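Please take the sequence and the model below together, beginning with the chain as a whole and then turning to individual residues.

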Amino acid sequence: MKNRLYYVLFLLYAIVVAFILYVNGVFTGGDVSLVNLFINVGFLVIIGVLFVISAVSFGRLNNVTDELVDVTFRLQKEYKESGGKNVWGNYQNRSDVFKNEELKGAFNKYRQRMKGLKTKRGVAGPCDLEEYINEDLLDRVGMNFFNSGISGTLTGLGILGTFLGLSMGLGSFHGNDIYTISDNVGSLLSGMKVAFHTSVYGIFFSLVFNIVYRSIMSDAYGKLDEFLSMLKSDRYVVRVRGFRLLCKQAKWDEHNKINEVIEDILASVYDEKPTAVRQALQYLHYIVPYKKELNSRIKEAVLSMDCSQ
């Protein structure tokens, strides 16, 4: 089922646009400050464009996760019909498992890797589908590099509007006695109106988008997790998946929960499975930029690894 939570953004956007037009006298027939109106409309157009781009990425993400859900149901059905046996082996050599281009491309890379590892004696090395269909794939499809910065951009627009409005008000405010000053109060209040409105809807949209974005990505990761759980029963799969999800939370770890479990996290680099170690090293870079106080411990753990395995 598609996650359409991002539709809320456009509903709230329409409400805010109508409200801004109303308070600027467009619907009431009052005095309309064209400067104020143009500034607010300009800011709202920028926000609207950002929302449209994000919505397109969320739609693409929905297509990927919906297909993962469909394949999961198919695997679950065949799993029950086979009496509890792992049926993934029947899919590894098929080219029609996925229809979505992103999933199909990742799966074909996995199949090519598997073919390259096959020898007369069997498979030369480990290779898991999770190396190709994972959180990184969802982040790329969902344009995480873009959407993760939207919340900060919206807040920045609100702050920019604040200073712009105050500059307008103070720039038109002049006089050296009570009479001339009182004549300029209207211009000052007009600039403050711009400052107030842009700040309010900039911060408001920032908070709402952050909630929507986190919910959509969490739902996507959950669908991926359910799909991957059908592939194998090995315990290390659970360990690696948990490790990846935990590392990706470093950016929002305001209460330093990761600091408390850093030793448990770093235990993954000593895992008995080479694939698990490789993925652990790949995901540690999500912690490093946001947990600088842990960098020395991470470096120590990496340098002490046994690379002979």
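**From the whole chain to two residues**

Among contacts in the chain (heavy atoms within 4.5 Å) between residues at least 6 apart in sequence, 73% join residues at least 24 apart. This is a predicted model, in which local features need pLDDT of at least 70 and side-chain atom pairs count only at pLDDT 80 or more, while totals for chains, interfaces and linings use all residues. Residues are numbered from 1 along each chain as its sequence is written, and side-chain values use heavy atoms, with hydrogens and water left out.

The chain has 13 helices and two strands, which are DSSP runs numbered from the N terminus (helices H or I, at least four residues; strands E, at least two). Of its 309 residues, 42% count as buried, a term for under 20% relative accessible area, with exposed meaning over 50% and partly exposed in between (1.4 Å probe, protein chains only).

Helix 2, which spans residues 34-81, holds Ile53, and this residue counts as partly exposed because its relative accessibility is 31%.

Helix 4, made up of residues 135-141, contains Asp139, which counts as buried because its relative accessibility is 7%. When residues up to four places away in sequence are not counted, Asp139 touches Asn144, Met217, Tyr221, Lys248 and Tyr286.
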